[in-house]
Number of protein chains: 4
Amino acid sequence: MNTLRKYALNEIPHYKVHGRTVPGTCPLPLFFNGSAVELNVSGSELWADLEVSWQNLEIWVTIEVNGELMSRLMLAPGNHSLCLFRGMSGEPVKNVRITRETQAMLEDEDCCLIVHGFQTDGDFHPVPKGKYTLEFVGDSITSGEGTYGAKGDMDWIPMYMSYSRDYAKMTAEALGADAYIISKGGWGVLSGWDNNPDTNIPSRYEQLCGLCCGNKNESLGAFAPYDFTLRKTDAVIVNLGTNDASAFQQPAWHDPATGRTFKQRLNPDGTFVEEDLNRFEDAVVSFLKMLRKHNPQAHIIWCYGMIGYDLSFAINDAMIRYIRESSDHNVIYLQLPGLTEETVGSNNHPGEPSQRRTAQVLTEYLQDYFSKTSPAR
Amino acid sequence: MNTLRKYALNEIPHYKVHGRTVPGTCPLPLFFNGSAVELNVSGSELWADLEVSWQNLEIWVTIEVNGELMSRLMLAPGNHSLCLFRGMSGEPVKNVRITRETQAMLEDEDCCLIVHGFQTDGDFHPVPKGKYTLEFVGDSITSGEGTYGAKGDMDWIPMYMSYSRDYAKMTAEALGADAYIISKGGWGVLSGWDNNPDTNIPSRYEQLCGLCCGNKNESLGAFAPYDFTLRKTDAVIVNLGTNDASAFQQPAWHDPATGRTFKQRLNPDGTFVEEDLNRFEDAVVSFLKMLRKHNPQAHIIWCYGMIGYDLSFAINDAMIRYIRESSDHNVIYLQLPGLTEETVGSNNHPGEPSQRRTAQVLTEYLQDYFSKTSPAR
Amino acid sequence: MNTLRKYALNEIPHYKVHGRTVPGTCPLPLFFNGSAVELNVSGSELWADLEVSWQNLEIWVTIEVNGELMSRLMLAPGNHSLCLFRGMSGEPVKNVRITRETQAMLEDEDCCLIVHGFQTDGDFHPVPKGKYTLEFVGDSITSGEGTYGAKGDMDWIPMYMSYSRDYAKMTAEALGADAYIISKGGWGVLSGWDNNPDTNIPSRYEQLCGLCCGNKNESLGAFAPYDFTLRKTDAVIVNLGTNDASAFQQPAWHDPATGRTFKQRLNPDGTFVEEDLNRFEDAVVSFLKMLRKHNPQAHIIWCYGMIGYDLSFAINDAMIRYIRESSDHNVIYLQLPGLTEETVGSNNHPGEPSQRRTAQVLTEYLQDYFSKTSPAR
Amino acid sequence: MNTLRKYALNEIPHYKVHGRTVPGTCPLPLFFNGSAVELNVSGSELWADLEVSWQNLEIWVTIEVNGELMSRLMLAPGNHSLCLFRGMSGEPVKNVRITRETQAMLEDEDCCLIVHGFQTDGDFHPVPKGKYTLEFVGDSITSGEGTYGAKGDMDWIPMYMSYSRDYAKMTAEALGADAYIISKGGWGVLSGWDNNPDTNIPSRYEQLCGLCCGNKNESLGAFAPYDFTLRKTDAVIVNLGTNDASAFQQPAWHDPATGRTFKQRLNPDGTFVEEDLNRFEDAVVSFLKMLRKHNPQAHIIWCYGMIGYDLSFAINDAMIRYIRESSDHNVIYLQLPGLTEETVGSNNHPGEPSQRRTAQVLTEYLQDYFSKTSPAR
């Protein structure tokens, strides 16, 4: 082993950032689950210089070497030099990725993971782009809630969330694609699971990362408009609607501060109140327009069904309306395999087997789609 | 072995007929793929007395003993005594089923399989009803085309069709249900794959078996109205639309005799002509009304997608219209996993792995549905 | 379809016989499970002209087209023209195999299956040799007993035996090899399961087919010495010992006619009586010498363990003795996965999953062995 | 969350130590891969107080909650409070295990992992014993080398070793058993892979942990005789011989300090020199006697074959000799599935799929064995 040399991120000639970011940012915040730095590096040893902060909801990361998971760990607050590998033969170039496992946390204003740089005795080599560019937009399912933890464990804790066992990762890997993720547990298209009308993804989609909070994140640029021209998405996969369906079953949301209230209602016979269903559908139509605006050539896939099919017709109806209004046929509805006793994970959320089945449906569909449209670079 | 005794079907105290039939008919025609006689019988030996006729398209059957496939064979025309088992210990009661593998054949007016009776040295025991009653309505996919034969084999022949590897059988078995099948390769909801407007399933759904032809079948009552009150379906699974989608891609159908012509049209940009899409959707709405009329309490599942998703939005649109018009919410759309290189069978049709995946989707969905509605007897 | 032309087997320019036979024999007896005629034939239709006889134990066959199982059926006694396919496109060449499913039957002196010829409107094309030549020597496990029939079914009947779900077939197919089978349920190396000292495979190994009986089989040459120079085996797989282990647990065998008696004995503490174990080991050593004599270059694999490991040490001990005496190191012992509740079939014998696991062990071993020794032609 | 209370290990009323240890030791060294502390604890938070030291070869641990892997991480040298969980509902009792992933390291005299205690706001509950007690004795295979890391990665590093994907863990879990591990990469029965006659497991088997070195480990009692009466093993699984086979292929070992040399030799024809084979067999016989002495009632399973079958006959020969000499029949030879391209992991060692297949063979065998002998408590 030679002496390690310490590099600020912007001193490194070749590295790749996964997830939404501002190119060249240094130090680099990793806002989302799946956000990562990827390196191709020689040398016997590699360390990451990280700045970690959180109050209640801890941050987890994974370390992959040559595409294989080596480590999954919780990061304590503070500045850390984290060893990514050591003791290896110096000459071969290793592909290394350090990835944020846990979603952006609006519930903890300190929650923040920043990459300052790396230390190594090796050299950096170019990291190629993926064959395709995908964006996944979702809720707790896409945040991998339930993918760790035993069946029957019912806590809502970061430890049980992951990107490493998420369908988004599996799908991107199977296709050789780069993945962008924007997902937040409990959120919907029109409202959150509890009828909160503010916890809807479209309201934050256009920010770099509108799913966190606090001064620190603000100073890191999280709430600035995202520059969608930085990337050219081949497909946008939306997996939303599950919390909107839940809202119909939950009591009204009430904001004691403002007196504001919201409720998606059921008729006495258990069907959806038409007016409320319509505003959900309006939200879907609007979101499709927003997605199209920022992803002009992307194939938009609205997928749904891992936890109930209640809004399947409503989503289809909204998509049909969107197509009629826009004459945009580059959208499709994909139904996903429902959760079963065999595939459920912790906190009654999809476990790894459920995520794997969803990844299979998406992968097969996209393989077929791309084989016909050939966007591969 | 004792001497065999020959029983006409109507001399047998206990037997169960699977598939559409007129109760008590003797001799008994098995019109559809999946139509079968099931016995619980003791004795060392059992033979079936069959009458077989066909000209071009031969009839295949399977023999199952205690739920396991023992034999699959082509039947030559003529009267046969076919051995179902022999040499077994006399005392135990065996569950035996002889099942028609191949669909009703409009293309061969002689095609006909009739069970006259059985020969055995044993006794007959009651055969219980299934926990649920399902009807499957479909095309070549439901007729199991491609479930036998090698990948790449491209003949359209009865040998490559089956009930034994069909999703309908797998689903019914997994649920402990009785299955009724009405399916015909190439047919659709509005028209056949080749734009033939007469090869649509709704036009024959109300007959006992409108999917065969010829004097013999007529004399067996095939074309008489089916008495739907004979059974109470818990779910009707429709798997149609694939041939309607094909019609848009195929040349116009033309009947030289009458000069009649029919064509589902594409716009120059490849989208469906709205007027033609509408008449497809009208056909779906009408068929849903017909299905509801004859299956008043059944959960109606329209499933689609094993060979392309082209009409997914159209089917949903039609179902949404049907729900609005009828206020009947007891219907659902289920998307099925698309065909892949790994799951394709002969003649470019779904192979056994594809059928198995469809059966899994349906089984999981119905298990969940039945667990909430408890129709099990 | 053109008119069918009838060919005696010896009028056919190209055909391949699987299993032990005398080249050029016409009509052709198929003595063993796995014995088959394979054709590459064009045309729309193909029929086999068969002569079938049996009294108690019926003969089953399978029909494969392009490597896929199409039919499995019992053959009634008599002369039959059996349709192998019909209605196919005439031009493509189809690979077709008609295979005897059921083992040679000493228990039925009439039991006999003879191929006289074929009828077709097509032409015959050459059938290539396999990459390797394997011989499988065994008992009921190799005769596929239990591979058909439900778990818990306890009859000893031909219907429950097969070549189509046998590890020998699976292994040969996975390797692209030609397979010879000589196997008989209940037989051992030294004695049968019931201590019968005559039901040992080595005593019949050198006959063409010593595992049947009767004048008819005699007249077909079954009992003549087999000409081992006709083939060059790359590997001989012996799967024997299971019935020899059983003999230790069973009462003595007694021949009332001659007063002759035989018993493999246990000590009071449940261990094997050394003298009896020795004569078993002697039988193994002798059989290895016989196998080597007739298969001079073959890799000899003694595999064991699908139903108990009782004689594992004894077989190893005998093989070690054989190696010491002969300096022949071209032998190996392979232990097979034991039967479990999940893998058992009918009549407490290995079911298809058990046979598949054995095939995997053998295939992986042989792939590795052949990759190092390269006997592939 | 209440305030955390800090407990020295010996202040904790209920905890369970996995692996060889001296009961009541505090602080507690975890010497072996698989050595662990298991707790049943309520509370919202749990931390482990650890002392970690190493120079070259880092220590990895895993954290499991309710039987599911949550974290796998490298530990830096120093004293750490490591969070095992946080933010959970306080009331439910969680089963938690912190386990050493990496083997004892003779190559690094500082290598040492010591548990001082735990911190929690919850209470401790009893941890039941396993149904069975197993000891696994092995080499790099049992040390899980290759179970992490990509195929083709060729470094010998701790990161690529594990207990979490080891057959010993899988087998113990499937059986509900407690596992003891003693394994060291490169070691054999007679000599190491490189003919080093000192790197043989039997020479260290009787020490608490003879596979580490250094003053610190000595002071922790590692080299003291292990008190075998502390446990009653139901089965001892030996997986050794692979490195002994390698020695025959490798150059002679030579100790420059003493001039001592050692070599297991091949004859010119590639067979083993009989004298050398005999001393290997003697070593096996001696080791079996040692194992029996310290595990009087254990079923001893010698398993072999994951990387080559070269010494299969030799091991059997030695076992047969042992049985003859000792009249101890409570031993068995189990052959394991060989490594394939599909199942290989990093550094050409068995990957997780290979370890899983071995676990299946052992689990099925032991389930059957225990069902007949019923040692379950």
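The following legends describe close-up views of a predicted model.

**View 1. Packing of helices α5 and α6 in chain D.** Helix α5, residues 274–294 of chain D, packs against helix α6, residues 312–326 of chain D, at an angle of about 50 degrees. The two axes lie 9 Å apart. Because of that angle, α5(D) is oblique to α6(D). The crossing of α5(D) and α6(D) has a right-handed sense.

**View 2. Residues in contact between α5(D) and α6(D).** From α5(D), the contributing residues are L277(D), N278(D), F280(D), E281(D), D282(D), V284(D), V285(D), L288(D), K289(D) and R292(D). Their counterparts in α6(D) are A314(D), I315(D), D317(D), A318(D), M319(D), R321(D), Y322(D) and E325(D). By residue class, the contact of α5(D) with α6(D) comprises ten nonpolar, one polar and seven charged residues.

**View 3. The interface of chain A and chain D.** Chain A contributes 30 residues to the contact, and chain D contributes 30 residues. Between them, chain A and chain D bury about 2300 Å², with 54% of this area on carbon and sulfur atoms. On the side of chain A, M70(A), R86(A) and D155(A) provide 27% of the area that chain A buries against chain D, more than any other three residues.

**View 4. A salt bridge between R86(D) and E58(A).** Two salt bridges are found across the interface of chain A and chain D. One of them joins R86(D) to E58(A). In this pair, the closest N and O atoms are 2.6 Å apart.

Technical notes:
Residues are numbered from 1 along each chain as its sequence is written. Chains are lettered from A and ligands numbered from 1 in the order in which they are written. This is a predicted model: local features need pLDDT of at least 70, side-chain atom pairs count only at pLDDT 80 or more; totals for chains, interfaces and linings use all residues. Side-chain values use heavy atoms; hydrogens and water are left out. Axes are lines fitted to C-alpha atoms, for helices over the stretch in contact, and angles run from 0 to 180 degrees between N-to-C directions. Helices (H or I, at least four residues) and strands (E, at least two) are DSSP runs, numbered from the N terminus. Angles under 35 degrees count as roughly parallel, over 145 as roughly antiparallel, 65 to 115 as roughly perpendicular and the rest as oblique. A crossing is left-handed if the near helix is turned anticlockwise from the far one by less than a right angle, and right-handed if clockwise. Contact means heavy atoms within 4.5 Å. Ala, Val, Leu, Ile, Met, Phe, Trp, Tyr, Cys and Pro count as nonpolar, Asp, Glu, Lys and Arg as charged, and the others, Gly among them, as polar. Buried area is the accessible area (1.4 Å probe) that two parts lose on being put together, summed over both. A salt bridge is a side-chain nitrogen of Lys or Arg within 4 Å of a carboxyl oxygen of Asp or Glu.
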